[in-house]
Number of protein chains: 4
Amino acid sequence: MSQIRGRFNKDADKLAETYTASIQFDKRLYPYDITGSIVHARMLAKQGIISEQEAQTIIGGLNSIKKEIEQGKFEFKPELEDIHMNIEARLIEKVGEIGGKLHTARSRNDQIAVDMRLFTRDAIAQSIAEIRGLQKALVDLAEANKDTVIPGYTHLQQAQPVLLAHHLLAYFEMLQRDADRFKCCRKRTDILPLGSGALAGVAYNIDREFLARELGFDRISQNSLDAVSDRDFVIEYEVATSLCMMHVSRLAEEVILWSSAEFDFIELDDTYATGSSIMPQKKNPDVAELARSKTGRIYGNLMALLTTMKGLPLAYNKDMQEDKEGFFDTVDTLLATLEVMASIVATLHIKTDNTTKAVRRGYLLATDLADYLVKKGESFRTAHDIIARLIGYAVSQDKTLDMLSLEAYKQFSPRFGEDVYSITVESSLAARDNIGGTAPKRVAQALANARKALEESST
Amino acid sequence: MSQIRGRFNKDADKLAETYTASIQFDKRLYPYDITGSIVHARMLAKQGIISEQEAQTIIGGLNSIKKEIEQGKFEFKPELEDIHMNIEARLIEKVGEIGGKLHTARSRNDQIAVDMRLFTRDAIAQSIAEIRGLQKALVDLAEANKDTVIPGYTHLQQAQPVLLAHHLLAYFEMLQRDADRFKCCRKRTDILPLGSGALAGVAYNIDREFLARELGFDRISQNSLDAVSDRDFVIEYEVATSLCMMHVSRLAEEVILWSSAEFDFIELDDTYATGSSIMPQKKNPDVAELARSKTGRIYGNLMALLTTMKGLPLAYNKDMQEDKEGFFDTVDTLLATLEVMASIVATLHIKTDNTTKAVRRGYLLATDLADYLVKKGESFRTAHDIIARLIGYAVSQDKTLDMLSLEAYKQFSPRFGEDVYSITVESSLAARDNIGGTAPKRVAQALANARKALEESST
Amino acid sequence: MSQIRGRFNKDADKLAETYTASIQFDKRLYPYDITGSIVHARMLAKQGIISEQEAQTIIGGLNSIKKEIEQGKFEFKPELEDIHMNIEARLIEKVGEIGGKLHTARSRNDQIAVDMRLFTRDAIAQSIAEIRGLQKALVDLAEANKDTVIPGYTHLQQAQPVLLAHHLLAYFEMLQRDADRFKCCRKRTDILPLGSGALAGVAYNIDREFLARELGFDRISQNSLDAVSDRDFVIEYEVATSLCMMHVSRLAEEVILWSSAEFDFIELDDTYATGSSIMPQKKNPDVAELARSKTGRIYGNLMALLTTMKGLPLAYNKDMQEDKEGFFDTVDTLLATLEVMASIVATLHIKTDNTTKAVRRGYLLATDLADYLVKKGESFRTAHDIIARLIGYAVSQDKTLDMLSLEAYKQFSPRFGEDVYSITVESSLAARDNIGGTAPKRVAQALANARKALEESST
Amino acid sequence: MSQIRGRFNKDADKLAETYTASIQFDKRLYPYDITGSIVHARMLAKQGIISEQEAQTIIGGLNSIKKEIEQGKFEFKPELEDIHMNIEARLIEKVGEIGGKLHTARSRNDQIAVDMRLFTRDAIAQSIAEIRGLQKALVDLAEANKDTVIPGYTHLQQAQPVLLAHHLLAYFEMLQRDADRFKCCRKRTDILPLGSGALAGVAYNIDREFLARELGFDRISQNSLDAVSDRDFVIEYEVATSLCMMHVSRLAEEVILWSSAEFDFIELDDTYATGSSIMPQKKNPDVAELARSKTGRIYGNLMALLTTMKGLPLAYNKDMQEDKEGFFDTVDTLLATLEVMASIVATLHIKTDNTTKAVRRGYLLATDLADYLVKKGESFRTAHDIIARLIGYAVSQDKTLDMLSLEAYKQFSPRFGEDVYSITVESSLAARDNIGGTAPKRVAQALANARKALEESST
């Protein structure tokens, strides 16, 4: 870039230029860069560092550049390295030498920091909105199927019956924490770095409170070296995304399992399944598979930036330019994944005949049988052993528990009585009547709470 | 384990037993496990699920087991798998069949969750305390050297003079955010999972509010499936640690650079340097190197758990047993690293002669010269070009800027006057008089603020 | 450590000592360290650097130290930092001042490098042996069930019938590549670093060919700086393990899926399943879950070391001490996982009734129907569309394909004839008669090849 | 995609389409896809599966499509998902229904596998070529400065003098291993997967030997399930790149250190340094910083794919589509980084005055002094202690070793004689006359060997 290569004799050759240029990806920051520059110009004028007239000229130029970009008429040039220099060069082209005054009391180091923070603030807001969208779809699905019972699993083995709504609300809870993490991240993002200069502050009588107020920042950075060399907020966004995608990958896994011929609990809407180029019968849960899979890239982007930042001496190092591509990819991937998963959930068809059959089969009530003996005075450990032997017997007879005679029961414990037959899926669900339990009335309350939380979050 | 293998015909062979046992690492959780069990027993009695007498017997047994462990008299058995079963088996040994009642209305799934949350809560408190220790050491060092000036760097090139105290306070700021992140993590850790049972809640009239109150939890988990299958809080601790270690690795890098013969800004206390087995002259910054290096393992532990949790269907899966070893290593490594880094900082000797020489050499005042021209009416970009050429000239003449004659200056711009010689390191520092800037009075204020924040955090 | 702290005034305090000591984990290297030292002593004597008598004394001392360690009588001291200094100090204790001559023409930097390479060479050999064990178990299981057909899946959707043996041999192939990767790693491990000194070579007339020959190394390192600062071979081992564990995690996933009630294709031997503390009916595939899960820690260890090594200037840095713990964990985890997975496979019971039912259900022959039309002259794309519509019709009628009448077929294409009913699972398998295809005779050949490869690898 | 959505009632909505489409990145595979298709068509004709005439029509169409793409006239459509379907759809457009026959005896699953293997084979060849380029630059620089001595470092502390050429050749060695790893990867990449069909082989009499021969593959995959679900070769490429970038990051770190004012050993060519927007005196090693930094993204891409592949059941899953973007980025980043680093090295100016000064300062000859005493009969450990105390004394007197009087020497050991003054940098270098040592004649030989290896590799 001619402006800043004054001391050098040669132009950067094409190779180095391409290697170091960031304009191909940081051009995306243009609205934030221009907003920051406009507010900076207004501050410079307010403080008498440039004249009001100069500020107006600069602001007019910046606004027209913004329009050029929006209309696709702006030519981004790699030889001008980055978004800042592309815009500044064009500004000087348009308004002349006066454009050069915009960079007074500012460095690209604090300029990129403010651009990134403005962008991240927006990304956080959108991420939370998309999380709400997926939560809403889960709550809707839960309400629409509020009586459906499915086998609850541990170790992918059928364990105890649970309400489908209860299962879906588990994801609601995970997503609540995810949203909370994005909010925590926002607190540490919403800080003005502008005014930190290259590293030491600037030698002008600037007004950082004004900058913060006009750019809508909550707080002002308290150390210039830190402000230009910190990328915590980017990493923290990537972390919040990693946890959120981890949760989504679990939901996606269940969508894939449940749409297999073996589980067959759900049918995906045709929109969210794809066919095979060779096997005409296939209905593949591609979208869910990709949602699961993209968790990998999100983790990878996180690991990339953590690695990059490790061991860097203060303050700014060019290494930090690598904070962008992976981060942008993380933002885009998260938003798209949340949106598409919300649509999958919203259009999911539950095959209640199959879930009912699955719950009736098997030995999901074993825990309830053990609890039955405990309530008749047995210690839990002994009761557990008795039921384990009882089930071994039932399996060997190829019978379900309700098919066993009372005599059979009594062979394992004299405590069994006629009332053992009153242990049913319904009684099992109803018995788990604690905060967070799967009893229908608890789940109804949890659904109502979830609905209320969503409403409050949107106001 | 005999108790829970009732249905099986063979004993687990040695190989599988060793592979699945967690007792060799989860025994560390014993105080949390016992505390949780005592409160659980009291709750069972209060609710009439067991008798008051039974509860007292159980609690007595647990307390004496705790003593056995503390005195190193407890024999941990791999064939009993984990800490829960080791303690329960011993309890039954000591108090008889009644001990088996402790597991009523509880599963190992919610039991391990409560152990882990209690442990993590403690780990967070200790981590924050160690962060405060390092912050205090930084503030002490900054105050003890509050007039020391060092070259500020970007790209590891000398850029502008900064106060050493300003530089050190950049780390104070990073660590403030780190402590904040641990506090955010605490909010999402401080939630009672007990009462969630294996996955669906429990079929007893338990009192979760009582459990939460007695165990000191802020909140109660709202979904049983989520409560037993969530390990977010562990990952979030690992994330907060990863960011903190990233910051520490930057400080360690600077300690290493600064103690090289080439920089020679500091001398490490002999306690925190080691010799070479072959080169008698060496004084190696081993401790700082390890602090830098251990960042790798912290990242690795994070990546390990993120990978493990990806795509797991609900609810508990054995995979989740892998949440412990890496996590414990992360806790231990963080605490040790913060402590040792605080000691390094506390005992650091600053070689002010050398830092002064470094600041006087070189062209650290170039920005101030450009600003000088700007204040005389030049646009920043033009001023920047003029100074770049001026420095090229000075380099070619092997002169520092203050050695140039006024005539020499004027050859580059007629705006230069006699007052150019009043640009000094001191004037450069003083000029950066903005919030967060390196001006001595700003830094003094920042130091006072830091001191105050530390005092407040410890009360 | 007194020997190497001569220039320092204070002893390292406990904190720093604990932080930097490696003896708690590198003591495991003792047999390699002693072997290396014995050969080094012999070389020193052969070259006249020490006397033959001195060498004998040293070697005698080393051998008796080895015995002490093996008998658990050796006291490892953290204040002596590492395995080298622990052994050397004890040697001097035992044989006097002469023991100090062992370190002539050697540094801890090349000494640890040779220890690590010897250890890694052994770890590679054992890893390959365990891979062979798992391969053998797969081949045995395949042979024992060579007529069993299962649904082949893509996207976890039933796709086409395949022989179970074919499916199992896919893992055989993966493991072949894994073994190959360990062999490649061995080539780059089997290089003598001893004689590189601290970083620059040594100032003695040593004989590196002798050292290499006696220690069984293939080649000799060609650059001393590289030899002491390279840990590629450790990373490469971790990489080979990461890929191998990735493969194992896929097998483990299938074991978990197939032992679910929904798939129910296999029954795990009781030895490799565990019960639940609360649900008496459960038979959890814990071992497979852990095998899947431990992939995370293997990836984490890899990421840790890659991160640690990034950006380190030459030559040795203390950071490199972090090459051990994660690596040892990786070795131990891989060996245990391969062994336990081999046992799982060896004791697996295939429920052929269920696999047969699964294959007969569903639309696994759809591709064959499309191929049928192609062979009658249809283009593949058109045939694919016809069959897709045909299956849509069959699904809506709740019929399998063999239940459709010829008239029904003909409604979708006039090309259908009576011979459509000769499309069966058996014909489908037999038709895939290409290299690598699932036709029984191809699979029989592949099995024979696999058996032969195993036999050759063990000779 | 209309062709393969026959069974579905709705079109995929825009969201799902965008989410699942890969055409925006896999279009890059077009030359491999077309080559594969042409050979496949020829094979189909040869085997009588399609007519020779049909094959010619298809091949003609494919060739003209290739031209359209090369000329930028081809419209890639996201609704056609991927490169295969985009080309096939256009083929049918151009040659009619006959184009549909190309997909006979082939699935997208084996088609993408062959595309990826062809691409990777090329990427490996280019990667090795770029490694050779960087090696050549290192050897050239070493030869051009073959008498230059620099301080060798451990722990970033000056340790012993080494030839710059020796130091540079350490990187040559690392890059040799890197090239070897790419060659190993090639062995496992160069395997034909085509003919594996969707997962089970194909039901046609195809000729896989013909396909392999015509596409230049060394070997043929032996298991169809494995062939379509394996992405080891991609991961292995990413691993080889991770190690290579780790090495490059170390070189980059040294370039950055050495171009700091404090080291000042080198001057970067202006082409490979950039200025500051605010500090006119700066000459930033941006290119080296980015090379160091991009190591992070390479690690991240590796971690991403490892994570994605973990625990996937056989055979193909949509997750595997995520193998491309990170991989392409890895290839591009590696090639660009190697090229730019070669240029940096090729244009580096060594400031020999400064390196000479650095070597003469300090206590680099301490090891030689200890060796001197050993040769006079002292044990190494005692000699080490003596020299450590001697240097402590010299430091306290602010003297270099050659400034000490013989009397001073003798106070530390009576073994010192006049000949102690013959220990010089030159004698120190010359003494390290072992294989791999820094003695000038050894380094000259190593340089010659390196040059020869490069020549051989290029023929």
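## Chains A and B at a glance

Chain A puts 107 residues into its contact with chain B, and chain B puts in 106; contact here means heavy atoms within 4.5 Å. Keep in mind that this is a predicted model, where local features need pLDDT of at least 70, side-chain atom pairs count only at pLDDT 80 or more, and totals for chains, interfaces and linings use all residues. Residues are numbered from 1 along each chain as its sequence is written, chains are lettered from A in the order in which they are written, and side-chain values use heavy atoms, leaving out hydrogens and water.

**Where the chains meet**
- About 9100 Å² is buried between chain A and chain B, with 59% of that from carbon and sulfur atoms; buried area is the accessible area (1.4 Å probe) that two parts lose on being put together, summed over both.
- A:Arg250, A:Leu314 and A:Arg381 give 9% of what chain A buries against chain B, more than any other three residues.

**Build of chain A**
- You'll find 18 helices and six strands in chain A, counted as DSSP runs (helices H or I, at least four residues; strands E, at least two).
- Chain A is more spread out than a compact globule, because its radius of gyration is 30 Å, well over the 23 Å that the globule rule gives for 459 residues. That radius is taken over C-alpha atoms, and the rule is 2.2 Å times the number of residues to the power 0.38.
- The C-alpha trace of chain A spans about 100 × 50 × 40 Å along its principal axes.
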